[in-house]
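Student: I have a protein model open and I would like to learn how to read it. Could you take me through some of its features?

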Amino acid sequence: MSYYYQKPQISFGGPLTRAVKIIIICCVAVFLYQLIAEEIIGSSDINLIFGLVPILVWKKFFVWQLFTYAFLHGGIFHILFNMFALWMFGCELERHWGTRVFVKYALVTGIGAGISTVIATPNMGVPTIGASGLVYGILLAYGLLFPNRVIYLYLLFPIKAKHFVLIFGAIEFYASWSGSSDNIAHFAHLGGMLFGFVYLRYHSLLSG
């Protein structure tokens, strides 16, 4: 029993898988372009054009934003956190499912998070950016597939994956409906988890 317990603790991430590697490369490349555009050229138009602006989706049919917003990020810690979580949980999911299934799931959760934001805040004119909705969808799948894996919260506190998902899901649910003004896309996080859960159930992806 001791060996079985210890093994999951060091099984996160591992070597970069194909799809996760491509997503990370794309996000980093876009982030570097953002820095160049904002710091050198002095333009932030990329966020308005390719970030998710709900009112533009509804009134001007900028539907591509439901996909492209996930590749933009708002700062170094934003992208580092998302890419670290993507590597930590996404690589094992891709190895478990295979690249094709993983990519489909990532698209569903990323776009689903965008759809949730557009529906919940239709008049918002501020861009939502980042892969957090996709990451939350991946976290949900990890917690459901490997519920007893131990995650170190803040790298200090051991907690089982299923409890980790429940805690973060509850936080996002409360924040989404409490009118929080912390500039965090809580509806996107919750939407990524919701669309992910429906997709997992519909396609029976929770078995080994």
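Student: Let me start with one residue. Is Asn123 buried or exposed?
Tutor: Keep in mind that this is a predicted model. To judge a residue, look at its relative accessibility: over 50% counts as exposed. Asn123 has 61% relative accessibility, so Asn123 counts as exposed. You will find Asn123 in the loop between α7 and α8.

Student: Which residue is 67 places from Asn123 along the chain, and how far apart are the C-alpha atoms?
Tutor: That residue is Leu56, and the two C-alpha atoms are separated by 8.7 Å.

Student: And how should I judge Ile151, buried or exposed?
Tutor: Ile151 has 2% relative accessibility, so Ile151 counts as buried. Its place is in strand β1. From Ile151 to Phe164 there are 13 residues in sequence and 7.6 Å in space, C-alpha to C-alpha.

Student: What about Tyr142: where does that residue lie?
Tutor: Tyr142 lies in helix α8. Its relative accessibility is 0%, and therefore Tyr142 counts as buried.

Student: Now the whole chain, please. How many helices and strands does the protein have?
Tutor: There are 10 helices and two strands. Listed from the N terminus, the elements run α-α-α-α-α-α-α-α-β-β-α-α. As for burial, 46% of the 208 residues count as buried.

Student: How many of the contacts join residues at least 24 apart in sequence?
Tutor: Taking contacts between residues at least 6 apart in sequence, 72% join residues at least 24 apart.

Student: Why would buried residues be found together?
Tutor: The general idea is that nonpolar side chains tend to be buried together in soluble globular proteins. Here, the largest nonpolar core has 40 residues. Those with the most contacts inside this core are Leu86, Phe89, Leu93, Trp97, Phe102, Tyr105 and Ile138.

Student: Which elements each supply at least two residues of this core?
Tutor: They are α2 (18-41), α6 (76-97), α7 (99-120), α8 (132-145), β1 (150-153), α9 (161-177) and α10 (186-202). Apart from this core lies another one, of eight residues, among them Leu52, Val57, Leu66 and Ala113.

Student: Let me zoom in on Ile138. What does this residue touch?
Tutor: Leaving out residues up to four places away in sequence, Ile138 touches Leu86, Phe89, Gly90, Leu93, Phe102 and Tyr105.

Student: Next, helix packing. At what angle do α6 and α8 pack?
Tutor: For a helix pair, read the angle and the distance between the axes. α6 and α8 pack at about 40°, with their axes 9 Å apart. That angle makes α6 oblique to α8. The crossing of α6 past α8 is left-handed. Residues that meet here include Leu86, Phe89 and Trp97 in α6, and Leu134, Ile138 and Tyr142 in α8. By class, this contact has 12 nonpolar, five polar and one charged residues.

Student: How do the axes of α7 and α8 cross?
Tutor: These axes come within 7 Å and cross at roughly 125°. That makes α7 oblique to α8. Here α7 passes α8 in a right-handed crossing. Phe102, Tyr105, Ala106, Thr109, Gly110 and Ala113 in α7 meet Gly133, Leu134, Gly137, Ile138, Leu140 and Ala141 in α8. The residues of this contact divide into eight nonpolar, four polar and no charged.

Conventions: Residues numbered from 1 in each chain as written. Predicted model: local features only at pLDDT ≥ 70, side-chain atom pairs only at ≥ 80, totals over all residues. Heavy atoms only, no water. Core = buried A, V, L, I, M, F, W, Y, C linked by side-chain atoms within 4.5 Å. Buried < 20%, exposed > 50% of the residue type's maximum accessible area, 1.4 Å probe, protein only. Helix = DSSP H or I, 4+ residues; strand = E, 2+ residues; numbered from the N terminus. Contact = heavy atoms within 4.5 Å. Axes fitted to C-alpha atoms, helices over the stretch in contact; angles between N-to-C directions. Parallel < 35°, antiparallel > 145°, perpendicular 65-115°, else oblique. Left-handed = near helix turned anticlockwise from the far one by under 90°. Nonpolar A, V, L, I, M, F, W, Y, C, P; charged D, E, K, R; others polar.
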